[in-house]
Amino acid sequence: MSVFNSSSLYPHFLLTGFSGFENRYGLISLPIFLIYATSVAGNFTILFIIKTEPSLHQPMYYFLSMLALTDLGLSTTTFPTMFSVFWFHAREISFNACLVQMYFIHVFSIIESAVLLAMALDRFVAIREPLRYAAILTNGVIVGLGLAIAGRALTLVFPASFLLKRLQYRPINILSYPFCLHQDLIKTTVSSRRVSSIYGLIVVIFSMGLDSVLLLLSYILILVTVLSIASKTERVKALNTCISHICAVLTFYTPMIGLSMIRRYGQNASPMVHVLMANVYLLVPPLMNPIVYSVKTKQIRDRILKKFKQHKL
């Protein structure tokens with residue numbers, strides 16, 4: 001039996017942290033742990049506040065709950081292997097474990113993109129049809145949107161794992177990051193990657209690509225609606241309701257675009273730059289979203305301060 005036939009059944013992968021800084025992993029892991037702890041605490045706080053405050057049982061905050069749950073899922077999926085690399089210098093991961101992590105990282109990323117789009121729809125309806133807002137975005141509609149968002153992500157990413165399973169690999173394969181991504185796994189194969197690459201591109205086009213176009217269209221419609229409002233004060237008030245969402249969109253898409261540009265045009269860039277951008281792409285949105293919404297959304301901020309004062313007393 002050839003080495004490729006035998007090893008392709010049970011290949012192993014080596015995760016990569018910041019090469020050349022292995023003796024400083026203990027120090028590097030400290031901010032990573034703080035980011036993880038802050039992300040989890042922040043998103044759980046958002047969920048707790050929304051659940052315990054009946055006045056926040058509205059479409060906007062239901063979508064915010066979806067975003068918080070997605071960020072928790074993304075953090076929980078990403079951090080275990082990061083900690084194993086930076087705390088224990090344990091780089092090896094089995095093929096099946098790598099596929100599972102890859103699957104959920106991409107599923108949660110696609111879900112986050114779709115939730116941001118749903119939140120843009122929420123803002124458009126709230127500004128365009130304020131009197132019919134609750135009648136249009138009923139609980140049933142929101143549940144349906146949530147199921148559709150999750151179903152699309154689960155369905156789109158599922159075939160990618162089977163396509164990767166069919167490929168052949170070396171006995172030991174070195175990955176570029178401390179976690180498993182589809183575009184990184186596919187680079188390690190020794191067989192034809194054409195079908196997997198094309199399918200990966202299709203997934204990106206029909207998820208983040210489509211969502212970004214619809215997000216842009218949503219904000220064009222929001223801007224047109226806002227400009228049609230006669231009162232300047234009301235125009236400013238309407239736009240202010242979108243600031244937190246715009247920040248969340250920029251926090252999600254900017255690192256993703258940066259990572260894509262680095263992979264495509266940064267062949268001569270240091271490997272550390274690639275690892276850093278990949279970490280920013282997966283770590284920053286779960287960290288920043290609860291901070292942005294806690295600071296910029298008065299209803300959330302007031303409820304958090306109220307809970308804090310009650311606990312202090």
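How much of the chain over residues 42–293 is helix, and how much is strand? Over that stretch the chain comes out at 79% helix and 2% strand. Keep in mind throughout that this is a predicted model.

View 1. An unreviewed UniProt entry annotates residues 42–293 as "domain: G-protein coupled receptors family 1 profile". Zoom in on residues 62–88 and you get 100% helix and 0% strand, with 39 Å between the end C-alpha atoms. Residues 100–121 are likewise 100% helix and 0% strand, and here the end C-alpha atoms are 32 Å apart.

**View 2. A nonpolar patch on the surface.** Here five residues come together: Leu30, Phe33, Leu34, Trp87 and Phe88 make up a nonpolar surface patch, with about 540 Å² of accessible area together. Two elements give two or more residues each, helix H2 (25–52) and helix H3 (59–88). H2 is the top contributor, with three residues. Phe88 belongs to helix H3, and its relative accessible area of 61% makes Phe88 exposed.

View 3. Have a look at His89, which sits in the loop between H3 and strand S2 (92–94). His89 is not a glycine, yet its phi is positive, at about 55 degrees. With a relative accessible area of 45%, His89 is partly exposed.

View 4. Side chains of opposite charge can pair when their charged atoms come close. In this view Asp211 and Arg152 do that, forming a salt bridge with 2.7 Å from N to O. Asp211 is part of helix H8 (residues 194–227) and Arg152 is part of helix H6 (residues 139–165), so this pair ties together parts that lie 59 residues apart in sequence. How do the two partners compare in burial? Asp211 is buried, since its relative accessible area is 2% and buried means under 20%. Arg152 is partly exposed, at 22%.

View 5. Across the whole structure, a search turns up five salt bridges. One of them joins Arg123 to Asp122, with the closest N and O atoms 2.9 Å apart. Both Arg123 and Asp122 are buried. Another joins Asp302 to Lys298, where the closest N and O atoms are 2.7 Å apart. Asp302 and Lys298 share helix H12 (residues 298–312), and they are four residues apart, about one turn of the helix. Asp302 counts as partly exposed, at 29% relative accessibility.

**View 6. Helix H8, from end to end.** With 34 residues at 1.5 Å a residue, H8 should span 50 Å, and its end C-alpha atoms are 48 Å apart, so the two values agree. Along the way, H8 bends by about 35 degrees at Ile205. Further along is Ser212, also in helix H8, which counts as partly exposed at 30% relative accessibility. Ser212 and Ser113 are 99 residues apart in sequence, but from C-alpha to C-alpha they are 8.0 Å apart in space.

**View 7. Helix H11 and its kink.** H11 covers residues 271–296, which makes 26 residues. From its first C-alpha to its last, H11 reaches 36 Å, close to the 38 Å expected at 1.5 Å a residue. Where does H11 kink? The kink, of about 35 degrees, lies at Val284, shortly before the proline Pro285.

**View 8. Two residues to look for separately.** Ile136 lies in helix H5 (residues 133–136) and is partly exposed, with a relative accessible area of 28%. The C-alpha atoms of Ile136 and Leu34 are separated by 40 Å, and the two residues are 102 residues apart along the chain.

How values were computed
Residues numbered from 1 in each chain as written. Predicted model: local features only at pLDDT ≥ 70, side-chain atom pairs only at ≥ 80, totals over all residues. Heavy atoms only, no water. Patch = residues over 30% accessible without salt bridge, like charges linked within 9 Å, V, L, I, M, F, W, Y side chains within 5 Å. Areas by Shrake-Rupley, 256 points an atom, 1.4 Å probe, with all protein chains shown as cover. Salt bridge = Lys/Arg side-chain N within 4 Å of Asp/Glu carboxyl O. Buried < 20%, exposed > 50% of the residue type's maximum accessible area, 1.4 Å probe, protein only. UniProt positions renumbered as here; feature names shortened; annotations may be inferred. Expected span 1.5 Å × (residues − 1). Bend = angle between axes of the 7 residues up to and from the residue.
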